[in-house]
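User: Please take me through the architecture of this model, one question at a time.

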Amino acid sequence: MIAQYATALRLSVIEQQHNRFAMVLLAAYLPAWYALIYALSASGSVGFKLRAFGVFVAVGQQRLGLITGMLNATTLIMGFVALRTVRFSAQVDRRLVVCGHSRAALVLGRLSALGLAAVVVATYAVTVLAVFTPARHLPVVWLGVCGAVLTYAAVGVLLGVVTRGDLEGFFLIIMLSLVDTFLQNPIGSPAANARVVEFFPTFFPMQMTVAGACTDRVAWWQVWASLGRTVGVGALGVLGFVERTRTTRRLPARR
Amino acid sequence: MLGIVGENGAGKSTLLKIVAGLLRASRGWVALRGRLGYCPQEPQIHTGLTVLQNVAWFRAAYRLPDARAGEALMEQLGFAAHRHALVETLSGGTRQKLNLALALMHDPEVILLDEPYQGFDWETYLQFWEIADGYRAHGRTIVVISHLFFERHRFDRLLRLRDGVLAPAETA
């Protein structure tokens, strides 16, 4: 089982490296998106509510625009990567299980590779962000972005299981990420301070990212809250993934 | 060597999936003795990996100590030159060869082949029968399904699937 897990992890990572579209999106689209926001944002400040402390902090519109843009772009990319992993590999994964591959090793290998990809995406996004705007506590910002991309990796897995077509899944991720990230941004959203945004997938990551970038106050419990949301959504997706790879045959004893 | 023929939509692939354990039968049961090799109609392979990486993943699934059998099948089926190529860059015929090799690389005792030679050129088609005859000579059970058969003499038995019933093709 350990050898199968190692193989599943190694080959899943290689498979993701061959996903050139996601690589181009990450390498080229993200900096271009930052540059556009940097050039076009207004210079004033806007009040952003840190819910954990019940206070408003003044955040530069440019900086908030960059943070929102970063979360939107990274969640889109990661959701796309996860959705593609589930949809494109569903049948061959099932065949591997029929051939004797441990389902647990396969699912764990796939999830570990997605986790690694999420860390790479978050690290790159935060590194490039630091070129455009300084952050007070870069590790906190990084944790926030990790929370967001991991949540959307889970969303991608879930949508990969429940949607019938590839396009449906992609559009759902695009729409969800847009609504999720932009409604939390008070620059363009009067609803940013409404209670409903607390239920959005990237609510905790957004709160952490803004707090880490602009203040010295960080509610560390939000790391666990974000992770809990990821695990909750991911568990539903994994259940579906396990169900999809279910076979009816009892395998012979190992040789 | 058993051939199963039937019209499009007769349920040939469904039957094979039930035997392979991919689908649950609405009634009845499947008794299967020995290692199973299953080659689906549509190549079920990782298109984002190379040929060798696909072989490595299935080697792990079969718990084989090395990939020698996979390499030998690549040579036999004539696509060893593509071992480092990404599957998404390969032709349909070469993908089908890899699809077949992945079903055979663990020396299975029962082999289920769903339209295994579609997309093969004539040389590979003949090579396929040579490999299949070799397995038969070693006492393996081979089930081939197709919507039509040109060479009935290659089979020990030929059955036709119609209305959910398998019957000898000659009397159907």
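Analyst: A residue counts as buried when its relative accessible area is under 20%. The model discussed here is a predicted one.

User: Against which elements do the buried residues of α1(A) pack?
Analyst: Helix α1 of chain A covers residues 2–17 and reaches 23 Å from its first C-alpha to its last, close to the 22 Å expected at 1.5 Å a residue. Its buried residues include L9(A), L11(A) and I14(A), and also Q4(A), E15(A) and Q16(A). These buried residues pack against elements of both chains, namely α2 (20–40), α3 (61–98) and α4 (103–132) of chain A together with α2 (51–62) of chain B.

User: Which residue in the turn of the hairpin formed by β1(A) and β2(A) has a positive phi?
Analyst: Strands β1 (residues 45–50) and β2 (residues 55–60) of chain A run antiparallel and are joined by six bridges. Within this pairing, S45(A) stands opposite G60(A). Four residues lie between the two strands, and the one in the turn with a positive phi, of about 65°, is G54(A).

User: Is Q184(A) buried or exposed?
Analyst: Q184(A) is located in the loop between α6 (166–182) and α7 (203–214) of chain A. Beyond its neighbours within four places in sequence, Q184(A) is in contact with residues including F48(A), V197(A), F200(A), F203(A) and M206(A). The relative accessibility of Q184(A) is 3%, under the 20% limit, and therefore Q184(A) counts as buried.

User: In the open sheet of chain B, which strands stand at the edges?
Analyst: The sheet has six strands in the order β2-β3-β4-β1-β5-β6, with mixed pairing. Two of these strands have a single partner each, so one side of each is left without a neighbour in the sheet; they are β2 (36–39) and β6 (165–168) of chain B.

User: What is the bridge partner of V5(B) in β4(B)?
Analyst: Strand β1 (residues 2–5) and strand β4 (residues 141–146) of chain B pair in the parallel sense, over four bridges. In β4(B), the residue bridged to V5(B) is S146(B).

User: At what angle does helix α1 of chain B run to β3(B)?
Analyst: Helix α1 (residues 12–20) of chain B lies across β1, β2, β3 (110–114), β4, β5 (157–162) and β6 of chain B. Its angle to β3(B) is about 150°.

User: What is the relative accessibility of A20(B), and how is the residue classed?
Analyst: A20(B) has its place in helix α1 of chain B. The C-alpha atoms of A20(B) and Q53(B), 33 residues apart along the chain, are separated by 24 Å. The relative accessibility of A20(B) is 0%, so the residue is classed as buried.

User: What is the radius of gyration of chain B?
Analyst: Chain B contains five helices and six strands, which follow the pattern β-α-β-α-α-α-β-α-β-β-β along the sequence. The globule rule gives 16 Å for 172 residues, and the chain comes close to it, so chain B is as compact as a globular protein of that length; its radius of gyration is 16 Å.

User: What share of the residues in chain B is buried?
Analyst: The C-alpha atoms of chain B fill a box of roughly 50 × 35 × 30 Å along the principal axes. Of the contacts in chain B with a separation of 6 or more, 69% are between residues 24 or more positions apart. Among the 172 residues of chain B, the buried share is 50%.

Note on methods
Residues are numbered from 1 along each chain as its sequence is written. Chains are lettered from A and ligands numbered from 1 in the order in which they are written. This is a predicted model: local features need pLDDT of at least 70, side-chain atom pairs count only at pLDDT 80 or more; totals for chains, interfaces and linings use all residues. Side-chain values use heavy atoms; hydrogens and water are left out. Two strands pair if DSSP finds at least two bridges between them. Contact means heavy atoms within 4.5 Å. Axes are lines fitted to C-alpha atoms, for helices over the stretch in contact, and angles run from 0 to 180 degrees between N-to-C directions. Buried means under 20% relative accessible area, exposed over 50%, partly exposed in between (1.4 Å probe, protein chains only). The radius of gyration is taken over C-alpha atoms; the globule rule is 2.2 Å times the number of residues to the power 0.38. The expected span of a helix is 1.5 Å times one less than its number of residues.
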